Amino acid sequence: MAVRPATEKRSRASAPTSATKKTGKISNPAINYQVAEFDKDDELKAYHDMLLIRRFEEKAGQLYGMGLIGGFCHLYIGQEAVVVGIGKALREGEDQVTTSYRDHGHMLACGMDPKGVMAELTGRQGGYSRGKGGSMHMFSREKQFFGGHGIVGAQVPIGAGLAFADKYRGTDNVSVVYFGDGAANQGQVYETFNMAQLWKLPVIFVIENNRYAMGTSVSRSSAQTDFAKRGESFNIPGEQVDGMDVRAVKAAADRAVEWARAGNGPYILEMQTYRYRGHSMSDPAKYRTKDEVQKMRDERDPIEQVRKRLVEKGWASEDDLKEIDKNVRAVVTEAADFASADAEPDPSELWTDILR
Amino acid sequence: MAIDILMPALSPTMEEGTLTKWLKKVGDDVKSGDVLAEIETDKATMEIEAVDEGKLLEILVADGTEGVKVNAVIARVGAEGETSAPKPAAQAAPAEKPLPVAQASSTVPAAPAVKAEADPDLPAGTQFESKTVREALREAMAEEMRRDGDVFLMGEEVAEYQGAYKISQGLLDEFGAKRVIDTPITEHGFAGIGVGAAFAGLKPIVEFMTFNFAMQAIDQIINSAAKTLYMSGGQMGCPIVFRGPNGAAARVGAQHSQDYAAWYGMIPGLKVVMPYSAADAKGLLKAAIRDPNPVIFLENEVLYGHHFDVPKLDDYVLPIGKARIHKAGKDITIVSFGMGMSYAIKAAEELAGLGIDAEVIDLRTIRPMDIETVVNSVKKTGRCVTVEEGWPQGSVGSEIAYQIQANAFDYLDAPVGRITGKDVPMPYAANLEKLALPTVGDVIEAVRAVTYR
């Protein structure tokens with residue numbers, strides 16, 4: 001179960017074939033270490049995109065501490081490789097994305113504007129929901145991002161409904177639904193698995209297994225901790241993926257997307273990942289040791305992995321990387337400044353957008 | 001320029017905390033993600049992580065200091081030799097500085113007034129034909145499905161079985177399995193799939209075999225369908241109809257006999273329709289399917305087989321949100337909707353024999369409620385009795401009574417009477433079930449009480 005370091009050597013040996021065979025048979029749910037080939041541009045883009053999410057989240061944490069962000073705020077730090085790797089396999093603006101309340105990274109990976117996301121976090125008029133949704137409830141029709149859902153598991157049938165619409169209209173778009181190991185125990189997830197397979201909906205269920213449902217570890221909450229197997233009784237193929245390696249995520253996403261686009265129905269990807277911060281800002285994370293977190297940061301950090309490869313392969317110098325970091329920080333600072341200075345919504349907004 | 005490290009708030013309610021200990025000392029290099037210090041609140045101990053990189057230049061609040069206010073500067077980080085820039089007010093105490101608001105006003109803006117449209121005038125010479133509510137509902141769906149390829153029907157037994165109550169009979173033959181879809185018995189799941197399809201712009205009609213089963217799906221109906229337009233700042237929209245029989249049928253016991261009018265009637269973001277007659281069922285279901293909002297369409301199993309005159313028109317659409325004056329009168333206003341209308345109408349007939357001329361209003365829509373029609377009537381009659389099958393506390397009648405006292409207090413000659421189902425789970429035994437439901441006699445009694453006759 002543990003997320004182990006991926007090495008390219010090990011990965012090649014166990015390439016799964018479920019997507020290419022199109023048999024609908026359950027793939028071997030051993031962790032899949034196969035990685036996608038990343039050229040220099042891919043690596044640099046992945047590095048940039050993941051770093052943007054991390055810096056954005058650090059800044060959000062800071063603004064929360066200053067009282068500029070209210071309510072609940074769930075940070076994505078540590079899990080960046082999942083949305084960035086999967087995003088690379090999707091058609092931006094066509095394929096739909098839906099997720100839970102830990103959604104900032106997903107929105108940035110969809111290409112949404114950091115200023116609009118941050119301004120929504122601070123509840124200002126320039127936010128994606130004009131300040132009326134907040135951290136957990138944001139949407140972008142343009143980018144086909146359908147939330148941002150505050151009720152654990154509720155996004156799962158909704159994402160399948162988007163896939164239903166894709167199939168109804170005869171497009172080859174796919175719908176990606178992200179949910180956590182906690183949501184994976186919700187009843188509506190299995191109701192959805194059943195219908196998605198029954199109707200062969202082009203939906204990819206991405207289970208972000210970050211090992212803790214709020215404060216309850218997977219082993220304390222789940223009778224079957226191998227989440228890739230959760231679709232077995234519905235004949236939905238599933239695989240466990242090293243979710244800390246953006247290349248492994250991309251490779252798995254390619255298989256899943258190909259499968260769903262071709263009309264074979266749903267696919268499950270269990271991403272073995274880790275969140276460095278607490279469940280939300282007010283969670284001291286006493287349910288795990290500091291060593292556990294530190295070890296993950298030191299050995300498995302998704303951004304550090306890419307950084308190392310870039311330097312080792314001579315694709316980027318330390319100065320190049322510093323330049324990227326500087327640019328990312330500038331974007332995040334601009335977003336934070338905008339989100340701090342922007343006006344709150346006009347009081348008349350209280351009564352708008354209730355009905356069309 | 002050096003960066004101020006502020007005492008963070010760790011929860012929505014935190015105002016101050018204890019700086020337990022520093023894990024870095026002045027002169028240490030820090031990079032983002034490094035733990036700088038531990039702080040303690042009444043709830044938990046938490047770590048402060050560095051966001052920016054540099055050297056820890058100054059520590060301003062010592063280990064063990066209690067009562068450190070949120071947003072107080074506790075340290076400075078920057079390049080060596082740097083000094084802190086003068087603190088901008090916003091950074092030092094953003095919580096105290098008023099936020100930039102578009103309008104510096106704490107008064108709540110008034111809700112916009114909603115004016116209901118009147119029923120369209122029927123063309124001269126319109127013929128009527130007798131139809132059951134069942135036929136009217138079926139025609140409404142078929143006509144709208146012919147008109148718009150994005151409309152589809154999903155639910156348990158709607159296709160091959162031809163509908164548990166035969167509302168969808170024949171639709172599978174005409175529209176095929178792509179648009180008339182049998183679902184597994186999985187209300188929460190298929191309601192959510194319907195919502196997702198509606199977010200994508202399709203126009204699902206989701207049939208619940210009864211609204212009692214929609215309790216399994218109520219999270220998707222309220223949290224997803226009703227609230228998302230608002231939460232998305234107007235981007236999303238959910239053009240969906242949830243329909244099916246609601247309220248008591250006959251002898252099916254407590255879990256299958258419940259009226260949800262008041263439940264859904266409370267929710268902003270929903271429209272709630274509860275027709276009585278076949279004509280209204282047809283005209284309002286067509287309107288509901290065309291409506292860009294989520295509409296709860298509450299039918300009644302007992303009424304499915306009742307016959308009513310329905311206008312023989314190609315496209316009979318009624319406005320949602322408009323009450324209908326079923327019978328004009330001058331002595332008292334009886335307000336009801338759905339199955340309650342059958343008691344109200346019979347009571348009015350009998351009251352005429354007692355010399356009491358009742359005005360009977362069929363609300364038809366629970367939300368938005370056409371309170372104007374009710375208030376205008378009460379201003380004329382000075383008295384009102386409401387009739388419904390649902391429970392008394394928080395009932396639709398309770399809301400009507402509130403609205404009347406707020407808008408027509410000076411016109412009232414008696415307290416508003418309220419007839420509801422009894423405040424008990426529905427019993428199975430035939431005699432007890434009868435006692436639990438409103439009766440024509442209950443309505444007559446209430447009217448006599450408020451007319452003092």
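Over all chains, the whole structure turns up 61 salt bridges, a salt bridge being a side-chain nitrogen of Lys or Arg within 4 Å of a carboxyl oxygen of Asp or Glu. One of them pairs A:Asp172 with A:Arg91, whose closest N and O atoms are 2.6 Å apart. That pair ties together distant parts of the chain, 81 residues apart: A:Asp172 sits in the loop between α7 (155-168) and β4 (175-180) of chain A, and A:Arg91 in the loop between α4 (80-87) and β2 (96-99) of chain A. Helices (H or I, at least four residues) and strands (E, at least two) are DSSP runs, numbered from the N terminus.

A word on the ground rules: this is a predicted model, in which local features need pLDDT of at least 70 and side-chain atom pairs count only at pLDDT 80 or more, while totals for chains, interfaces and linings use all residues. Residues are numbered from 1 along each chain as its sequence is written, chains are lettered from A and ligands numbered from 1 in the order in which they are written, and side-chain values use heavy atoms, with hydrogens and water left out.

Next comes the interface. Chain B puts 76 residues into the contact and chain A puts in 62 residues, contact meaning heavy atoms within 4.5 Å. About 5900 Å² is buried between chain B and chain A, with carbon and sulfur atoms giving 60% of that area. Of what chain B buries against chain A, 12% comes from B:Ile193, B:Tyr230 and B:Met231, more than any other three residues supply. Buried area here is the accessible area (1.4 Å probe) that two parts lose on being put together, summed over both. Four salt bridges cross the interface of chain B and chain A. The side chains of B:Glu38 and A:Lys290 also meet in a salt bridge, at 3.1 Å from N to O.

Chain B is assigned domain 1 (3-86), domain 2 (129-311) and domain 3 (324-451), with bounds that come from an automatic or database domain assignment. The C-alpha centres of domain 1 and domain 3 of chain B are 64 Å apart.

The second largest pocket holds about 1600 Å³ of space. It has 48 lining residues, and the closest to its centre are A:Leu355, B:Val114, B:Arg367, B:Pro368 and B:Met369. On a 1 Å grid over the protein atoms alone, a pocket is an open set of points with protein on both sides within 12 Å along at least five of seven lines, a cavity is a set where a 1.4 Å probe fits but cannot get out, and lining residues have an atom within 4 Å of a point. Within the pocket lining, α11(B) gives the largest share, five residues. The lining also draws at least three residues from each of domain 2 and domain 3 of chain B.

B:Pro368 falls in the loop between β20 and α10 of chain B. Over in chain A, A:Lys200 is not a glycine, yet has a positive phi of about 50°. Most residues other than glycine have a negative phi, and most peptide bonds are trans.

The largest cavity holds about 120 Å³. Its lining has 14 residues, the closest to the centre being B:Ser257, B:Gln258, B:Glu389, B:Trp391 and B:Met426. At least three of the lining residues come from each of domain 2 and domain 3 of chain B.

Methods. Points joined across faces, edges and corners; volume = space filled by probe spheres on them.
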